[in-house]
Amino acid sequence: MTTEQARKTAEALTYSTGFGNEHSSEAVPGALPHGRNSPQRAPLGLYAEQLSGSAFTEPRAHNRRSWLYRIRPSAAHPPFTRIDDGTLRGAPFTETVPDPNRLRWNPLPEPAPGTDWLAGLWTLGGNGDVTQRTGMAVHLYHANASMERVFGDSDGELLIVPERGGLLLHTELGLLAAHPGEVVLIPRGVRFRVELLDAASDGGQSPTARGYVCENYGAPFQLPDLGPIGANGLANARDFRAPVAAYEDVEGPVEVVNKYCGHLWSATYGHSPLDVVAWHGNHTPYVYDLRRFNVIGTISYDHPDPSIFTVLTAPSDTPGLAGVDFVVFAPRWLVGEDTFRPPYFHRNVMSEYMGLIEGAYDAKAEGFVPGGGSLHNMMSAHGPDRETFDKASAAELKPQRIDDGLAFMFETRWPVTATPQAANADHLQKGYDDVWQGLERHFRP
Ligand SMILES: [Fe+2]
């Protein structure tokens with residue numbers, strides 16, 4: 001597919017909506033069996049296969065599985081062999097000592113020519129243990145070539161946050177398009193290929209793409225409970241879009257890469273594994289437009305903790321304590337009276353990785369840029385820089401619209417240990433601490 005064809009395809013895509021719904025879809029009429037998941041002979045000569053994202057026995061509200069009706073069963077593949085992990089790493093992260101310092105990075109440098117999305121994954125750090133299905137990893141990506149190969153992650157689900165360049169994801173369950181401002185959730189084990197949609201903004205000839213990925217090893221992301229907020233608000237279930245079935249009927253060599261317990265394995269299939277003609281279930285990819293987020297905040301004084309901006313939460317075994325939360329700081333009005341309006345000074349048992357999709361963030365005057373990121377680990381003190389503090393402390397508190405930025409946070413219950421490549425990166429900012437050095441003493445007893 002050419003880029004132009006891909007763009008047209010992306011614009012014409014239709015979706016099935018609703019997070020966690022029992023979706024169903026068939027690319028060929030009659031391909032989806034009715035009344036049975038696994039009939040003696042599946043329609044149209046297809047194979048029936050269940051993809052289980054949860055244990056069979058998990059409570060109904062947490063149970064994730066999809067039934068796939070495909071040209072060949074996934075079992076029909078040759079052995080996988082180890083390939084180089086490149087700049088991708090998996091938990092446990094033990095190569096460096098956990099660092100209590102506040103850390104901030106500039107964007108990744110431009111990728112080498114011919115870097116596809118998978119090769120462009122660059123692990124910043126993480127926590128937990130993939131073999132225990134706990135924890136998470138923070139990856140960034142930069143890519144200038146569409147994937148020819150197909151990728152699947154056995155270690156966890158992937159929350160992809162594009163910052164530059166549109167992506168067209170060819171998944172087992174169909175096509176998803178995502179541009180900066182949208183996020184994609186790929187469930188554990190679902191195979192996909194990433195096509196780049198946009199040409200380089202710098203006038204370069206190669207399509208370029210850049211962004212962030214949260215790899216969640218633990219229980220899958222779900223919508224947060226709303227409690228007293230009520231039945232609506234924050235991210236609404238209906239705004240999550242699942243693909244409709246689309247399949248590749250391709251004979252010939254296709255490389256399939258599997259991330260398994262932190263390492264990459266490869267096998268060359270004799271056909272495309274994206275050969276699912278029909279499917280139904282709730283273990284499905286989604287795309288979600290962050291601009292649809294219903295932002296809720298104060299209409300009196302103070303402001304709620306940033307958990308009020310939670311888009312998705314991945315629960316841990318302790319109620320209310322997330323393995324990882326995905327939080328967005330979206331355009332909104334600030335109206336709090338007698339209130340220091342930017343995010344307050346803070347020390348947190350949770351660990352916070354923040355990234356910026358576009359614009360600026362209201363707690364930092366400079367240095368936190370789109371494509372970059374900051375890491376404020378367990379109990380590390382952070383908050384507004386001096387310039388922001390001075391301005392916000394003296395500001396006349398009229399209603400104010402914040403509409404020039406889209407920032408997000410991966411907030412996790414365990415400290416994030418940086419990989420050596422992140423701890424020693426040229427694009428790690430030196431002197432990040434300085435942004436808080438100018439905060440003067442104002443105490444006058
Ligand atoms: Fe914080």
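Ideal angles at a metal are 109.5 degrees for four tetrahedral donors. The structure described here is a predicted model.

Glu352 and His382 are both buried.

The next step is to look at the chain as a whole. The protein chain is divided into domain 1, residues 3-290, and domain 2, residues 293-428. To the contact between them, domain 1 gives 58 residues and domain 2 gives 50 residues. The centres of the two domains, taken over C-alpha atoms, are separated by 26 Å. Between them, domain 1 and domain 2 bury about 4,600 Å², and 67% of this is on carbon and sulfur atoms. Of the area that domain 1 buries against domain 2, 17% is supplied by Arg104, Trp105 and Leu290, more than by any other three residues. How many salt bridges does the rule find across the interface of domain 1 and domain 2? The number is zero.

The structure as a whole holds 21 salt bridges. One of them joins Glu49 and Arg70, with the closest N and O atoms 3.1 Å apart. This pair links distant parts of the chain, with Glu49 in strand E3 and Arg70 in strand E4, 21 residues apart. Are these two residues buried or exposed? Glu49 has a relative accessible area of 17% and is therefore buried. Arg70 counts as buried too, because its relative accessibility is 1%.

Another salt bridge runs between Arg241 and Glu182, where the closest N and O atoms are 3.0 Å apart. Arg241 lies in strand E16 and Glu182 in strand E13 (residues 182-186), so that distant parts of the chain, 59 residues apart, are linked by the pair. Glu182 counts as buried, at 11% relative accessibility. Salt bridges with shared partners also join Glu49, Arg70, Glu172 and Asp275 into one network.

A further salt bridge is formed by Arg164 with Glu110, and its closest N and O atoms are 3.1 Å apart. Arg164 is partly exposed, with a relative accessible area of 21%. Glu110 is partly exposed as well, at 47%.

Asn63 is placed in the loop between strand E3 (47-52) and strand E4 (65-70). With a relative accessible area of 18%, Asn63 is buried. Leaving aside residues up to four places away in sequence, Asn63 touches Ser54, Ala55, Phe56, Thr57, Glu58 and Asn282. Tyr217 is in the loop between strand E15 (209-216) and strand E16 (241-243), and this residue is buried with a relative accessible area of 0%. Tyr217 and Glu157 are 60 residues apart in sequence, but their C-alpha atoms are 6.8 Å apart in space.

Pro92 is in the loop between strand E5 (81-82) and strand E6 (103-105). Arg133 has a phi near 55°, a positive value in a residue other than glycine, and is located in the loop between strand E7 (121-129) and strand E8 (134-143). Asp302, which is not a glycine, also has a positive phi of about 55°. The loop that holds Asp302 is between strand E20 (286-289) and strand E21 (310-315). Asp302 is partly exposed, with a relative accessible area of 44%.

Definitions and conventions: Residues are numbered from 1 along each chain as its sequence is written. This is a predicted model: local features need pLDDT of at least 70, side-chain atom pairs count only at pLDDT 80 or more; totals for chains, interfaces and linings use all residues. Side-chain values use heavy atoms; hydrogens and water are left out. Helices (H or I, at least four residues) and strands (E, at least two) are DSSP runs, numbered from the N terminus. Buried means under 20% relative accessible area, exposed over 50%, partly exposed in between (1.4 Å probe, protein chains only). Contact means heavy atoms within 4.5 Å. Domain bounds come from an automatic or database domain assignment. Buried area is the accessible area (1.4 Å probe) that two parts lose on being put together, summed over both. A salt bridge is a side-chain nitrogen of Lys or Arg within 4 Å of a carboxyl oxygen of Asp or Glu.
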